[in-house]
Amino acid sequence: MEEKVIGMLKTVFDPEIPVNIYDLGLIYKIDIDDSFNVDVDMTLTAPNCPAADFMVEDVRQKLESIEGVGNVVVNLVFEPEWDKDMMSEEAKLELGFL
């Protein structure tokens, strides 16, 4: 189930950055219980991101669409503060940081 959740998270993009939120390092925690309820902690590249509500709702809706998933809770957190070192190597390459 975790692979399906990660795969779905990779379909969510920050509207201003052409890289998915998982590879950007915006997903801090994924917990899946025995009933396949999913609890996700995510952050934003900036606390005042104008797309925050859209992105959180997009994550929730896409995770709920996975067959077998129960309740989905998406927590927006800002600790630790996000920085570009949290990105995957692929994301850094895509954005020209490597």
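## Salt bridges, helix packing and core

The count of salt bridges in this structure comes to six. The model is a predicted one.

Three of these contacts are set out below.

| Pair | Distance, N to O |
|---|---|
| Lys29 and Asp41 | 3.7 Å |
| Arg60 and Glu57 | 2.1 Å |
| Arg60 and Glu64 | 2.6 Å |

Arg60 and Glu57 are three residues apart in helix α2, so about one helical turn separates them. Arg60 and Glu64 also lie in α2, four residues apart, which is about one turn of the helix. Arg60 counts as partly exposed, at 24% relative accessibility. Its two partners are partly exposed as well: Glu57 has a relative accessible area of 30%, and Glu64 has one of 37%. Elsewhere, salt bridges that share partners join Lys29, Asp31, Asp39 and Asp41 into one network.

Because Lys29 lies in strand β1 and Asp41 in strand β2, the pair ties together parts that are twelve residues apart in sequence. Lys29 is partly exposed at 27% relative accessibility, whereas Asp41 is buried at 17%.

The two strands β1 and β2 run antiparallel and are joined by five bridges. Asp31 has Asp39 in β2 as its bridge partner. The hairpin of β1 and β2 has five residues between the strands, and Phe36 in this hairpin takes a positive phi near 65°.

Which residues of helix α1 are buried? In α1, which spans residues 2-9, they are Val5, Ile6 and Leu9. These residues cover an arc of only 95° around the axis, and therefore lie on the same side of α1. Glu3 and Lys4, on the other side of α1, are exposed. The cover over the buried residues of α1 includes β1 (27-32), β2 (38-42) and α2 (52-64).

The largest nonpolar core has 29 residues, and those with the most contacts inside it are Leu9, Ile21, Met42, Val59 and Leu63. At least two residues of this core come from each of α1, β1, β2, α2 and β3 (72-76). Helix α2 supplies five, the largest share.

Leaving aside residues up to four places away in sequence, Ile21 touches Leu9, Val12, Phe13, Asp14, Leu26, Ile27, Met42, Met55 and Val59. Among the residues with the most contacts inside the core are Leu9, Met42 and Val59, and Ile21 touches each of these.

Technical notes:
Residues numbered from 1 in each chain as written. Predicted model: local features only at pLDDT ≥ 70, side-chain atom pairs only at ≥ 80, totals over all residues. Heavy atoms only, no water. Buried < 20%, exposed > 50% of the residue type's maximum accessible area, 1.4 Å probe, protein only. Arc of directions from axis to C-beta. Contact = heavy atoms within 4.5 Å. Core = buried A, V, L, I, M, F, W, Y, C linked by side-chain atoms within 4.5 Å. Pairing = 2+ DSSP bridges. Salt bridge = Lys/Arg side-chain N within 4 Å of Asp/Glu carboxyl O.
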